[in-house]
Amino acid sequence: MATERKILKKESLGPLFEKMNAAGKRILAPRKTGEQIRFEPVTSANEIAADFVQSTASAKWAVFPAVEEMLSFRSLDKETKLEAKQSKPQPTVVFGIRPCDAAAFKALHAVFATDYKDDLFLDRWEQITLIGMSCTKADDYCFCTSVGGNPGSTVGSDILLTPLANGDFLAEILTEKGQQLVASLDGLFAAGGSDIDKESLLAKVTPKFDAKQMKAKMDAVFNNEKLWTRQSLRCIGCGACAFVCPSCSCFDIQDERYGGKGQRLRCWDSCGFGLFTLHTSGHNPRHTQAQRWRQRLMHKFSYGPEKYELPGCVGCGRCSRACPTDMNILGHLLEIAEEKL
Ligand code: SF4
Ligand code: SF4
């Protein structure tokens, strides 16, 4: 679909939220609580956090919740009765998602829809519309331009807003979902914007490495135990990096029972956890943190791109901001980029 440009006036932001609410849509937007900025349900534009580089956690829970019930069961005498989850996801608009995070939704979709079609994920996916917000500032942790993105990338968004100096927004309508939303909002998006130099409004993020070359480097250093050990020495395997990551997709499935009833739950997991690959026999094929750190990087920069033709990392920098021991993924990647092939 050809991109259409329009203008969203700053005074139209309030009515935009009112109309989406009235249409029964759940709106998730970045909200500030203490030092944390998280995507949470909001009903008004006044609740949205302003003037930040990146939210603390991503919005991926909108399609891939941290914990979700897959089914419930009841044991009756010798028989167990399964009850499939019935509730249909509510139509949801994610407002103000950064371009890197919107691209990460595509990476998640590749995982949940390429081989096995995951209905729990896909049902939510069908109901979701992403209104992205271009970045006008970045910090030293951002490296989207090294992994195919940029601060005004339209990849993944249905509508992308770019803030203008006067407080209005340039709106790029990118998909049919975006078109339908704009059409339902009754003239809130005005004609205009075709002559705006969007590039000049965006944050500057200098590319630090080439993602395609990084795959070749990763494959070449796979057996370099010294490198992986050195890089992972500070890692305590807490999993914070995976839990804030917009593209990490590891999960575990557990049955929780109480009395004759129970639920099958899918919960976020992390390849950084020591128990992640522990077999019932006691054998653990990734028994050191170095192996687990290698797996994290190989998955994102070698196996993922090879299988899905998409980077498994969108360069949001959250893992480095969140790490309690100051592991910096960009620093580690640059070290690998300098390895001789
Ligand atoms: S957040 Fe840091 S310490 Fe925790 S698992 Fe990730 S890299 Fe290791
Ligand atoms: S690995 Fe780190 S920088 Fe890459 S997408 Fe995940 S949180 Fe962002």
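In the predicted model, helix α5 crosses helix α8 in a left-handed sense. The two helices, α5 spanning residues 211-221 and α8 spanning residues 289-308, pack at an angle of about 115°, and their axes lie 9 Å apart. On the α5 side, the contact is formed by Met214, Lys215, Met218 and Asp219; α8 contributes Leu297, Met298, Phe301, Ser302 and Pro305. Sorted by class, the residues of this contact comprise six nonpolar, one polar and two charged.

The model also contains an open sheet of eight strands with mixed pairing, arranged in the order β3-β2-β6-β7-β8-β9-β1-β10. The edge positions are taken by β3 (36-42) and β10 (189-191); each has a single partner strand, and one side of each is therefore left without a neighbour in the sheet. From one strand to the next, the twist averages 30°. Within this sheet, strand β1 (residues 4-8) runs antiparallel to strand β9 (residues 169-173), and the pair is joined by five bridges. Ile7 is placed opposite Leu170 of β9.

The contact of α5 with α8, by comparison, includes two charged residues.

Technical notes. Residues are numbered from 1 along each chain as its sequence is written. Chains are lettered from A and ligands numbered from 1 in the order in which they are written. This is a predicted model: local features need pLDDT of at least 70, side-chain atom pairs count only at pLDDT 80 or more; totals for chains, interfaces and linings use all residues. Axes are lines fitted to C-alpha atoms, for helices over the stretch in contact, and angles run from 0 to 180 degrees between N-to-C directions. Helices (H or I, at least four residues) and strands (E, at least two) are DSSP runs, numbered from the N terminus. A crossing is left-handed if the near helix is turned anticlockwise from the far one by less than a right angle, and right-handed if clockwise. Two residues are in contact if their C-beta atoms, placed from the backbone, lie within 7 Å. Ala, Val, Leu, Ile, Met, Phe, Trp, Tyr, Cys and Pro count as nonpolar, Asp, Glu, Lys and Arg as charged, and the others, Gly among them, as polar. Two strands pair if DSSP finds at least two bridges between them.
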